[in-house]
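Please keep the sequence and the structure in view while reading.

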Amino acid sequence: MPLGGALGRYTAPLTIINDTFNAGVFNFSSPNYVTNENAIRAIISVIRTNGSQGPVSVDYFTSTNKAEWARFNLQNPATPGLDFTVKSGTLTFLSGQTNRTFSVPIINDNIVEFDENVLLVLTNATGGAKLPDGLPTSVATATLTIIDDDFLPGRLNFAATNFIAAEADGFAPITVTRSGGSVGAVSAEFRRPLSAWILSPPTACSVGRMGTSRRRPSWFLC
Ligand SMILES: [Ca+2]
Ligand SMILES: [Ca+2]
Ligand SMILES: [Ca+2]
C-alpha cells in the first residue's frame, strides 16, 4: 500500500532477451585485413554474435563497384583481375556455429606501387540472422590491404664523374654505387668508349659486367 502518496503507473514490463534463441548478427572479425602481395590468398574471418540459434547463411563478395568504393571511402583500390581475383559466395553456419572463413586469391605482380585495398562486403543474411545495421539485407564492410613486395632495386652509378690513376699503378679501381634501393641482385655492363681504346690500348678488364648482390657488395666480371 502506498504511504502518504498515490500510485500512478504501477506496473512496467521487463523484457529479457534470451540470446539462446537468437539467430545472431554477422560481421567481419576485423575492419581491416592485411596480406602480402606474394601470399597467394588472404583468409577472411566472418563471425556470428548475439546468438547462434538455427542454421543461417550470409553472402560475401569482393566489390568491383567503383561507386561502392567511393561510398565506403576505399583508398587506392586494388584492380580486380590484376591485383586480386574476384570472389563471391555464401557462408552457411550450422546451429551453434559462430565462425567461418573465406579466401581471396591475391595476384602477385612485378609493379612497384603503393599498397592496394580491396572492399569486402557481407549481406543477405538468412534464417533470421541479421547484419549490424539491423536488417538481413543491410551490409557490413571491411578492407583487405595488399602490401606491395616490389621494392625498388636501386640505381647503379659511378661513384665519381672522374677517376684518376697513376700510370705506374698498373690498374685503376673504379667504384660503382647503388642507391634508391638495395633489394635483390642487380648488374650492368661496362665498357670503355671506342675513343679510349684508340687513345690507350685496352687493359685486361676493359669490357665486362659489374653488379652487386647480397653476398658481394660490388663485383666485376671481365
Ligand atoms: Ca598490385
Ligand atoms: Ca610482387
Ligand atoms: Ca606490386
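Among contacts in the protein chain between residues at least 6 apart in sequence, what percentage join residues at least 24 apart? In this predicted model, the share is 69%. The protein chain contains 13 strands and two helices. Of its 222 residues, 17% are buried.

One part of the strand arrangement can be followed in detail. Three strands form an open sheet in the order S1-S3-S6, and their pairing is antiparallel. S1 and strand S6 (99–105) are the edge strands, each pairing on one side only. From one strand to the next, the twist averages 25 degrees. Between S1 and S3, the antiparallel pairing extends over four bridges. Within this region, Val25 stands opposite Thr49 in S3.

In soluble globular proteins, nonpolar side chains tend to be buried together. Here the largest nonpolar core comprises 25 residues, and Phe26, Val118 and Leu120 are those with the most contacts inside it. At least two residues of this core come from each of strand S1 (25–28), strand S3 (41–49), strand S4 (56–62), strand S7 (116–126) and strand S8 (140–147). The most is given by S7, which supplies five residues.

Which residues is Val118 in contact with, leaving aside its neighbours within four places in sequence? They are Thr62, Ala78, Phe84, Val104, Thr143, Leu144 and Ile146. Val118 is also one of the residues with the most contacts inside the largest nonpolar core.

Key:
Residues numbered from 1 in each chain as written. Chains lettered and ligands numbered in written order. Predicted model: local features only at pLDDT ≥ 70, side-chain atom pairs only at ≥ 80, totals over all residues. Core = buried A, V, L, I, M, F, W, Y, C linked by C-beta atoms within 7 Å. Buried ≥ 20, exposed ≤ 12 C-beta atoms within 10 Å, placed from the backbone. Contact = placed C-beta atoms within 7 Å. Pairing = 2+ DSSP bridges. Axes fitted to C-alpha atoms, helices over the stretch in contact; angles between N-to-C directions.
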